[in-house]
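The exercises below go through one protein structure step by step. Try each task before reading the solution under it.

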Amino acid sequence: MRLGVAATAPLGADVLERLAAEHELAFLLTRPDAPKGRGRKLAPPPAKQVAERLGIPVLQPERLTAEVELPADTIVVAAYGLLIPEALLERALWLNVHPSLLPRWRGAAPVERAIMAGDEETGVTIHRTVKELDAGPIAAQRAFPVGEDAGAVYAEAARVAVELLGEVLPEPTFRPQPEEGVTYAAKIGPEDRELDLSDPEDALRRIRALSPHIGARAELDGRRLTIWRAAVEDGRLVPLEVQPEGKRRMRYDEFLRGVR
């Protein structure tokens, strides 16, 4: 079996590294390098960094079209981020790693939306990639408790995903997704990052959902802050780790000393 991986974001990079420890990988298909940081210099996506370190061939087409040659029988998709043309879907078995219990939280931000909604359980679904968003038949699925923050959930999702792939490859069998219970996880926008401090429980869920990769924001003590960790005590939000604009992350008590 020739196995390829289509991945871009950190979840995909983690799945790629774990798969490479157990399978021979023919290639990584990933998005082109993109400007990053204040200097806007071109930087490779996280999955490419892993592939180059492991000596896995990297394919980075500007556009994914039917003309792209992908030498694999099965391609694992994990946080790739581009639409896959139907012509390519027909040439190989594409297995998508989705970090939710489908059909709940189809879409771009399943981990973040699950935490924001207060879900106590999430999981990983391995399903066949089809034209409709995250709607393909399911090969394997496993639940696990929602962790402390999105970072913990993504890490567990990558671990579970590779275990499930090991169970279903090389010849998965599929069952249709349920038609009931479909929800959609919209992409995180600027409004999702703004905290309502009058609702501390909702604010804490947002902080957990957006840490450690996006960051929730509020104005405290006259300063705009990104809040990375917090707790709710006596009905109010207590920041634990914050980051003033243009500054490093720090403990909240350290920030307060600086303000005073």
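A residue is called buried under 20% relative accessible area, exposed over 50%, and partly exposed in between (1.4 Å probe, protein chains only). The model is predicted, with pLDDT of at least 70 required for local features and 80 or more for side-chain atom pairs, while totals for chains, interfaces and linings use all residues. Residues are numbered from 1 along each chain as its sequence is written, and side-chain values use heavy atoms, with hydrogens and water left out. Helices (H or I, at least four residues) and strands (E, at least two) are DSSP runs, numbered from the N terminus.

**Exercise 1. A helix and its packing**

Task: Find which residues of helix α1 are buried, and state what they pack against.

Solution. Step one is to locate the helix, which covers residues 10–20. Its buried residues are Leu11, Gly12, Ala13, Val15, Leu16 and Leu19. Step two is to look for contacts, meaning heavy atoms within 4.5 Å. The buried residues of α1 pack against the strands β1 (3–7), β2 (25–29) and β6 (74–78), and also against α2 and α5 (150–168).

**Exercise 2. A lysine in helix α2**

Task: Decide whether Lys48 is buried or exposed, and list its contacts beyond the local sequence.

Solution. Lys48 belongs to helix α2, residues 46–54. Its relative accessibility is 11%, so Lys48 counts as buried. When neighbours within four places in sequence are set aside, Lys48 touches Leu28, Thr30, Asp33, Val58 and Gln60.

**Exercise 3. Building a sheet**

Task: Work out the strand order of the open sheet that contains β12, and say which strands stand at the edges.

Solution. Start from the rule that two strands pair if DSSP finds at least two bridges between them. Strand β12 (residues 216–220) and strand β13 (residues 223–233) are antiparallel partners over five bridges. Within this pairing, Ala216 has Ile227 of β13 as its bridge partner. The hairpin of these two strands has two residues between them, and Asp221 there takes a positive phi near 50 degrees.

Next, β13 pairs with strand β14 (residues 236–244), again in the antiparallel sense, over eight bridges. The open sheet has four strands in the order β12-β13-β14-β15, with antiparallel pairing. β12 and β15 (250–251) are at the edges with a single partner strand each, so one side of each has no neighbour in the sheet.

In β12 the covered face holds Ala216, Ala218 and Leu220, whereas Arg217 and Glu219 lie on the uncovered face.

**Exercise 4. Salt bridges**

Task: Find how far apart the closest N and O atoms are in the salt bridge of Asp14 with Arg18, and explain why these residues are about one helical turn apart.

Solution. A salt bridge is a side-chain nitrogen of Lys or Arg within 4 Å of a carboxyl oxygen of Asp or Glu. This rule gives a count of 18 salt bridges. For Asp14 and Arg18, the closest N and O atoms are 2.9 Å apart. The two residues are four residues apart in helix α1, so about one helical turn separates them. Asp14 is partly exposed because its relative accessibility is 24%, and Arg18 is partly exposed at 32%.

Task: Compare this with the bridge between Glu241 and Arg229, and say which strands hold the two residues.

Solution. The side chains of Glu241 and Arg229 meet in a salt bridge at 3.3 Å, N to O. Glu241 lies in strand β14 and Arg229 in strand β13, so the pair ties together parts that are 12 residues apart in sequence. A network of salt bridges with shared partners joins Arg142, Glu156, Arg159, Glu163 and Glu167. One of its bridges links Arg159 with Glu156, with the closest N and O atoms 2.7 Å apart.

**Exercise 5. Backbone details**

Ala79 is not a glycine, yet its phi is positive, about 55 degrees.
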